[in-house]
2 protein chains.
Amino acid sequence: MASNRLTNAAGNAIADLSIAAAASEIASGRVTSEALVSACLERIATLDPEIEAFAWCDPAYAIEQAKQADRWRQSGNGCGPLHGVPIAIKDIIDTSDMPTEYGSPIFSGCRPQQDAQCVAALRSAGAVIIGKTVTTELALLTPAKTKNPAAPGHTPGGSSAGSAAGVAAGMVPAALGTQTAGSVLRPASYCGVYGFKPTLGLISRRGVLMQSHTLDTVGVLTRSIEDAAVLVDAMSAHDPEDPVSYPRSQPNLAGLAMDTPPSEPVLAFLNTPSWADADPRMHEAYAELAGALGGVLEEIDAPILADIIEWQRIVQLAENAAYYGALLDNHADQLSPGLRDRLTVGSAVPVRAYLEAIAAREQAYEKIAELYARYTAILTPPAPGPAPGLEEGITGSPVFNGLWTYLGMPTISIPLLEVDDLPLGVQLVGLRRDDGRLLRTARWLENYTANATA
Amino acid sequence: MASNRLTNAAGNAIADLSIAAAASEIASGRVTSEALVSACLERIATLDPEIEAFAWCDPAYAIEQAKQADRWRQSGNGCGPLHGVPIAIKDIIDTSDMPTEYGSPIFSGCRPQQDAQCVAALRSAGAVIIGKTVTTELALLTPAKTKNPAAPGHTPGGSSAGSAAGVAAGMVPAALGTQTAGSVLRPASYCGVYGFKPTLGLISRRGVLMQSHTLDTVGVLTRSIEDAAVLVDAMSAHDPEDPVSYPRSQPNLAGLAMDTPPSEPVLAFLNTPSWADADPRMHEAYAELAGALGGVLEEIDAPILADIIEWQRIVQLAENAAYYGALLDNHADQLSPGLRDRLTVGSAVPVRAYLEAIAAREQAYEKIAELYARYTAILTPPAPGPAPGLEEGITGSPVFNGLWTYLGMPTISIPLLEVDDLPLGVQLVGLRRDDGRLLRTARWLENYTANATA
C-alpha cells in the first residue's frame with residue numbers, strides 16, 4: 001500500500017510517517033508530536049536552504065505547538081485525527097500567528113488577524129502548523145524561488161510550488177495548496193507527489209487570497225491517497241460565508257478511499273485538444289500505461305473540451321483583473337511584468353464573453369457528467385509533460401487542469417510514471433460531490449498498475 | 001381595513017373581492033369560481049380594448065379553468081388558498097398553456113413547454129390563470145401599448161405595465177410582475193395599486209425570462225397588503241434550481257402582515273441622491289406625509305446610496321448585454337432602437353467594473369442593514385414623481401428602485417398619496433428575509449395615515 005511504503009515508527013524515518021500512522025502513533029503515546037515535528041524541522045534545516053520550499057518557518061514556534069499537543073494528550077484529553085501532525089500551509093492562506101505574504105512584496109510583513117477557515121479546521125483536528133510554503137506571485141504564473149527536489153534543474157511548477165516541493169523533499173507529510181487553473185495538480189505531477197483538488201465547495205475558501213471566486217479551490221499535496229483523504233476530511237465543513245460551500249454531512253473520504261470498488265472500474269482516456277501537442281516522451285509513457293491497463297481504458301472524444309478550456313481562461317483572466325486590479329492601479333511597480341500584462345489583458349475581456357463563460361458552466365458540466373454513465377473516472381495527464389527546465393523561466397502550462405477547475409470536479413494526480421528520471425503524474429477526474437469514489441478509483445488504479453508491472 | 005374596502009359578495013362587485021375573501025367565498029360555496037372569473041372577464045371585455053393590459057386572454061379557456069375549480073370543490077376535494085381565484089401573469093413568465101412572447105416580436109407565437117415555477121405554484125394553490133399581461137419589450141424601458149387606468153394620458157410605467165394596469169382597472173384581483181430595476185414598484189405607484197417585491201430568493205425565477213441573474217426578482221401587483229402576502233405565500237418555496245433561492249420554511253407572510261407591531265415603528269426617510277431632483281409636487285406631498293407622521297419619521301443621510309445606484313446600473317447593463325446579446329447579433333432589426341443602444345452600451349461595460357459592482361453588494365447591504373438597529377423600515381418614494389405624460393414617450397425612471405433590487409431587500413409601494421389627481425405611492429423597504437415585518441409595518445403605516453387624515 002503506497003501510504004505505508006515509507007512508514008517506520010523509529011529513528012530518523014519518523015519524518016516519513018503517513019498522516020494516519022503519525023496521528024495513531026502520537027495518540028497512542030508511542031511517538032510524541034515533538035519528536036515528529038523535530039524530525040521534520042531537521043529535514044527543513046538540512047534541505048530547505050537549497051529547495052526553498054518555505055516562505056516562513058520558525059522552528060521554536062513549531063516545537064512549542066508540538067509540546068502543547070503532547071501536553072494536551074498527556075492530560076488525558078482526546079486527540080483529533082491530525083493530533084500533533086505537522087502540516088505546511090501555502091502562503092496565500094491566512095494564518096493568525098504567522099505572516100501571510102501572498103508571494104508578493106506588496107504584502108511583505110502582512111499578518112492576517114484570523115486563520116483561514118481551513119487552517120482553523122486543521123487546528124481543531126489537532127494539526128501543528130509548521131510554517132508557510134512559497135507561492136508564486138499572487139498564486140499566478142511568475143516562477144517562485146523554490147526548486148524541484150525530485151527533478152533538479154527543473155521547475156517544481158506553480159503556484160503551490162513550496163507545498164509540492166516540501167512534501168516531495170520529505171520535509172513535511174502534507175501541505176495545503178490552492179488551484180484556480182492547475183496550481184495543485186501540476187506541481188504534484190512535476191514533483192512526484194499526490195495532489196488532490198476536491199469538489200468546489202467541499203473546503204471553505206474563507207481567508208484564502210481570492211483571485212477568482214468562480215474557480216479558486218483549496219487542495220492538498222500529500223504522500224498518499226489516504227493522506228489526501230484524511231486531510232480533506234478534516235477540512236470539509238459547510239461554511240455559509242463561502243457562496244460555493246454547500247450543506248452536507250462529513251463525507252468520510254478516508255473510509256471510502258480505502259474501500260474496494262464493487263466492480264472493476266472503466267476509465268475514459270479523454271482526447272483533449274492539448275494532447276496532440278503534449279511532450280512526445282509523455283505520449284510514450286501514456287501508451288505504456290494504456291497497454292498495462294488494456295480494456296480498462298477507453299479513448300474517447302469530447303468536442304466541448306476546447307470551449308471549456310477557453311471559458312476557464314476567460315473567467316480567470318477577468319476575475320484576476322477584478323480582484324487584483326487595485327494592485328495594478330496602486331502598486332504596478334511591485335508587480336512582475338508578466339502579471340501586469342495579464343491584468344491588462346484581463347481588464348479588456350468583454351463583459352459579455354465573461355458572463356457567457358459563467359453561464360455556460362452548468363450545461364458544460366452536465367455534458368461531461370453524462371460520460372459517467374459508462375465511466376468510473378476520466379483519466380488524463382495532469383500536465384503537458386514532465387517539469388520544464390528552469391532555463392525556460394516558466395512554471396509549466398495548466399492546460400490539462402483548468403477545465404476541471406472550471407467544472408468544479410474533483411481531480412487527483414497520482415505519481416505513477418517517469419520519463420528521463422522526471423516524475424509524471426496520472427490525473428483522474430470524478431463527478432462533483434463524488435470525491436470518495438474518485439479516491440477509491442485512484443487507489444484501485446495505483447494497485448492495478450503496481451501489480452501489472454510487478 | 002384596506003383589503004376589504006371593496007368587498008361585496010353579491011352582484012357585479014364580485015370582481016372587486018380581495019383574494020382572501022374570494023377564496024373564502026369560493027371554498028364555502030357561496031360564490032363559484034365561474035361567477036368570479038366571468039365578472040373579471042366582463043370587465044376585461046369592457047375595459048381592455050382601451051387599456052390594453054392583456055397580451056393574451058382567452059375567455060373560454062379561463063371559464064374552463066374556473067369550471068374545473070368548481071367541479072373540484074363540488075366533488076368534495078380540499079381547496080388551496082387561491083382556489084378558483086383569477087390571477088394574471090406578466091408575459092415574460094412562462095405558461096405551458098398560453099403564449100409567452102416577452103414583449104418582443106422576436107418571440108411572437110412562442111409557447112413554452114413548461115410553466116414557470118411560480119405559475120406552477122399558483123396552480124397548486126388553486127388559482128385560475130386568467131391570461132398574460134403586457135410587458136415592455138423584454139422587460140426593459142421601451143414603452144408598451146398599455147394605458148394607465150388611474151391616470152389617463154399618462155404612462156402606466158413599466159416593465160410590468162399590464163399587470164399594474166389590469167389590477168388598477170379592476171379587471172383582476174392580482175397579477176404577477178417582475179423587477180430588475182423598478183418594474184414592479186414604479187408601475188404600482190403610477191397606477192395607484194400595491195406593488196410588492198419580496199426578498200430576492202423567496203420566489204423562484206425558474207421559467208422567467210432572464211435579463212439579469214443578479215437582479216431579476218418576481219413580485220406582485222395587488223389591491224391590498226394582505227393580498228400581496230397571500231399571493232407571495234403561495235409562491236414561496238425553496239427551489240434548488242435557482243441559485244438565489246434559499247432553504248427555509250414557509251414564511252406565513254399573511255399571518256405576520258395582519259399582526260399589530262409590538263412597538264410603534266420608527267421610519268427612516270432616506271435622503272437619496274435622486275430626491276433633490278424629484279418632482280416638486282412630490283416634495284410637497286411627502287412634506288405633508290412627514291407632517292402627519294411627526295416623530296415617527298426621521299430624515300437621514302446614507303452617503304453610500306450613490307454608489308449603490310451606480311452598481312445596480314452597471315450590473316443590469318452588463319447582464320442585459322450577456323443575456324440579450326444573441327438577440328442583438330441575430331435579430332437587431334426586431335429590437336427597438338433604444339434597446340439596441342442599451343445592449344451596445346452594456347457590451348462595453350468594463351468587466352472589472354462589473355465584477356467590482358458584484359463584489360460590493362454584500363458589504364453595501366451590511367451598511368444599509370445597520371440602519372435597522374434603529375429603524376423598522378426605510379421610507380422613500382417609489383418613483384421621482386407621478387406618472388409622466390404619454391407624450392414624453394418614457395415609462396419613468398427606476399432611480400428610486402434599482403438600489404433596493406440590487407441589495408435584494410423586500411420593498412412595497414402603498415398607494416397613499418395623490419398629486420393633481422395622479423396616484424403616488426409610498427415605498428417601504430425592509431431587511432432581507434424579513435418580509436413579514438415589512439408588510440406588518442406597511443399595514444401599520446396605512447392605518448396610521450388613514451387615522452391621521454380622518
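## Overall size

Chain A has 454 residues, for which a compact globule would have a radius of gyration near 22 Å; the chain has 21 Å, which agrees. That radius is taken over C-alpha atoms, and the globule rule is 2.2 Å times the number of residues to the power 0.38. Along the principal axes, the C-alpha atoms of chain A fill a box of roughly 60 × 55 × 45 Å.

This is a predicted model: local features need pLDDT of at least 70, side-chain atom pairs count only at pLDDT 80 or more, and totals for chains, interfaces and linings use all residues. Residues are numbered from 1 along each chain as its sequence is written, while chains are lettered from A and ligands numbered from 1 in the order in which they are written.

## Helices, strands and contacts

Chain A holds 15 helices and eleven strands. These are DSSP runs numbered from the N terminus: helices are H or I, at least four residues, and strands are E, at least two.

Two residues are in contact if their C-beta atoms, placed from the backbone, lie within 7 Å. Take the contacts in chain A between residues at least 6 apart in sequence: 76% join residues at least 24 apart.

Buried residues make up 59% of chain A. A buried residue has 20 or more other C-beta atoms within 10 Å of its own; an exposed one has 12 or fewer, and a partly exposed one lies in between.

A nonpolar core is a set of buried Ala, Val, Leu, Ile, Met, Phe, Trp, Tyr and Cys residues joined through C-beta atoms within 7 Å. The largest one has 289 residues. A:Ile87, A:Leu122, B:Ile87 and B:Leu122 touch the most other members. Beyond its neighbours within four places in sequence, B:Ile87 has contacts including B:Leu82, B:Leu122, B:Ile129 and B:Val172.

## Where the chains meet

Chain A and chain B each give 14 residues to their contact. On the side of chain A, helix 10 (305-331) and helix 12 (351-359) are the elements that give two or more residues. Helix 12 of chain A gives the largest share, six residues.

Helix 10 and helix 12 of chain A also pack together, at an angle of about 125 degrees with their axes 9 Å apart. Axes are lines fitted to C-alpha atoms, for helices over the stretch in contact, and angles run from 0 to 180 degrees between N-to-C directions. In helix 10 of chain A, A:Trp311, A:Ile314, A:Val315 and A:Ala318 meet A:Ala353, A:Tyr354, A:Ala357 and A:Ile358 in helix 12 of chain A.
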